[in-house]
Amino acid sequence: MDIVYIKDLRVETIIGIYDWERQVRQIVSINLEMAHDISEAGRTDDIEYALNYKTISKRLQSFIEESEFLLIEKMAEEICRIVRDEFGVPWVRLQLSKPGALRGATDVGLLIERGEKPA
């Protein structure tokens, strides 16, 4: 199995359950691993066979900037759904975090996997 990844994609959005969180945009950070067979892209040097990480990151940035989720869990599920459904990715691992959201901690967040991991 090959992995295409995006590391530390930072996006500003409204996220959180507290009143003050509904008033200010906060940064979320995305680390994304996506299963994709890269052999044909490697053989042909043709972007048509590659998983276009630029297209995926632009789609996710747009989606997240426009969203106003209460829970990071809901945002994570929607990110995975977009990647799997719109880009045909069979398996995804997502680390989604809110840097600086918890006093005394550098980062808080979650790590989820969705789909079937190819052999």
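Trainee: Is Arg43 buried or exposed?
Mentor: In this predicted model, Arg43 is exposed, with a relative accessible area of 61%.

Trainee: And what does the side chain of Arg43 meet in a salt bridge?
Mentor: Its partner is the side chain of Glu40, at 2.5 Å from N to O, and Glu40 is partly exposed, with a relative accessible area of 29%. Because Arg43 and Glu40 are three residues apart in helix H1 (residues 39-44), about one helical turn separates them.

Trainee: OK, how many salt bridges are found in the whole structure?
Mentor: The search finds nine. One of them joins Lys74 to Glu78, with the closest N and O atoms 3.3 Å apart, and these two residues are four apart in helix H3, again about one helical turn. Lys74 counts as partly exposed at 43% relative accessibility, whereas Glu78, at 16%, counts as buried because the cut-off for buried is under 20%.

Trainee: Which salt bridge links distant parts of the chain?
Mentor: The side chains of Glu86 and Arg59 meet at 2.8 Å, N to O; this pair connects helix H3, which holds Glu86, with helix H2, which holds Arg59, across 27 residues. Both count as partly exposed, Glu86 at 40% relative accessibility and Arg59 at 29%.

Trainee: H3 keeps coming up, so what do its buried residues pack against?
Mentor: They pack against helix H2 (53-66) and against strands S1 (3-15), S2 (26-35), S3 (68-69), S4 (91-97) and S5 (109-115). The buried residues include Ile72, Met75, Ile79 and Val83. H3 itself covers residues 72-87 and reaches 22 Å from its first C-alpha to its last, close to the 22 Å expected, and Gly88, which follows H3, has a positive phi near 65 degrees.

Trainee: Switching to the strands, where is Ser97, and what does its side chain touch?
Mentor: Ser97 is in strand S4 and is buried, with a relative accessible area of 3%. Its side chain makes a polar contact with the side chain of Asp107 at 3.2 Å, and among the residues in contact with Ser97 are Ile72 and Ser29.

Trainee: What about Ser29, buried or exposed?
Mentor: Ser29, which is in strand S2, is buried, with a relative accessible area of 4%, and its side chain makes a polar contact with the side chain of Asp8 at 2.6 Å.

Definitions and conventions. Residues numbered from 1 in each chain as written. Predicted model: local features only at pLDDT ≥ 70, side-chain atom pairs only at ≥ 80, totals over all residues. Heavy atoms only, no water. Expected span 1.5 Å × (residues − 1). Buried < 20%, exposed > 50% of the residue type's maximum accessible area, 1.4 Å probe, protein only. Contact = heavy atoms within 4.5 Å. Polar contact = N/O pair within 3.5 Å; in protein donor to acceptor, adjacent residues only side chain to side chain. Salt bridge = Lys/Arg side-chain N within 4 Å of Asp/Glu carboxyl O. Lists of a residue's contacts leave out its neighbours within four places in sequence.
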